[in-house]
Amino acid sequence: MTDPDPSAVLTTVRRHLVDEWGTEPQEASVTFLGAPPIRVLRFVDVETRVVRYVTLGCSSEPMGDPSALVPDPTAPRAELCIVLRDGVDGLVKALAVLAAAPSVEGLVFAEGALIDLGEPLWPGAAFTAVILRAPEISDVELGGDAAPVRVFRAVPVTHTEAAWVRLKGAGELEDAWAEAGVDVTDPGRPAVNPGRVG
């Protein structure tokens, strides 16, 4: 049982993303001490004005105990995708920090998880955390024993919404968004207090 080559994994993931969204992305890179660099790809849909920011680097290694001498090649792999209408400036570093959490903190991404940065995701943003939702696109198959790469949708949430998720879970917040007609791709949307919805 062998772990796939990290560069080959990232090449496969990038090809899959380009195939899914049909365009070559803009690209930036962020490097952290003691962790592999995280690239952030920016895919722009001109017709819908939707911008997708997708990490590339988290999936180079399986998630799990970062201190393990030999990573489990069958452990899950993931990347993150934030979808915003018209896009924003200054999101790259925060998204890269979120994506580095598995290699730095041993975090394992899963649907419904809350990842709190504790500071604005971009300058002037009301959002300080994300919750992970089901991917928009199919998983990236790597072959062999390696787990496929899941590209989780990371939805920005405010401090108030993050507190609610800790109390009640992500499902309650998503229900509140649906009831209030919230567009989670709007970077200027107001916070929702699920306790006051309905």
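Leaving aside its neighbours within four places in sequence, which residues is H16 in contact with? Let's start there, and hello everyone.

A quick word on what we have. This is a predicted model, in which local features need pLDDT of at least 70, side-chain atom pairs count only at pLDDT 80 or more, and totals for chains, interfaces and linings use all residues. Residues are numbered from 1 along each chain as its sequence is written, and side-chain values use heavy atoms, with hydrogens and water left out.

Back to H16. Its contacts, with those sequence neighbours set aside, are I137, S138, D139 and V140; contact means heavy atoms within 4.5 Å. H16 itself sits in helix α1, residues 6-21. Helices here are DSSP runs of H or I with at least four residues, strands are runs of E with at least two, and both are numbered from the N terminus. H16 is buried, at a relative accessible area of 16%. For that scale, buried is under 20% relative accessible area, exposed is over 50%, and partly exposed is in between, using a 1.4 Å probe and protein chains only. Have a look at S138 too: its backbone oxygen is 3.0 Å from a polar atom of the H16 side chain.

Next, two loops. R49 belongs to the loop between β2 (35-45) and β3 (50-56), while D86 belongs to the loop between β4 (77-85) and α2 (92-105). They are 37 residues apart along the chain, and their C-alpha atoms are separated by 5.2 Å. Not counting residues up to four places away in sequence, R49 touches L84, R85 and D86. R49 counts as partly exposed at 46% relative accessibility, and D86 also counts as partly exposed, at 44%. Neither is a glycine, but R49 has a positive phi of about 65° and D86 has one of about 70°.

Finally, a pair of helices. The axes of α3 (residues 159-168) and α4 (residues 170-180) come within 7 Å and cross at roughly 130°. Those axes are lines fitted to C-alpha atoms, for helices over the stretch in contact, with angles running from 0 to 180 degrees between N-to-C directions. α3 and α4 are therefore oblique to each other: under 35 degrees counts as roughly parallel, over 145 as roughly antiparallel, 65 to 115 as roughly perpendicular, and the rest as oblique. On the α3 side, the contact is made by E161, W164, V165 and K168, and on the α4 side by A170, E172, L173 and W177.

Technical notes: A polar contact is a pair of N or O atoms within 3.5 Å; within protein, one must be able to donate a hydrogen and the other to accept it, and residues adjacent in sequence count only if both atoms are side-chain atoms.
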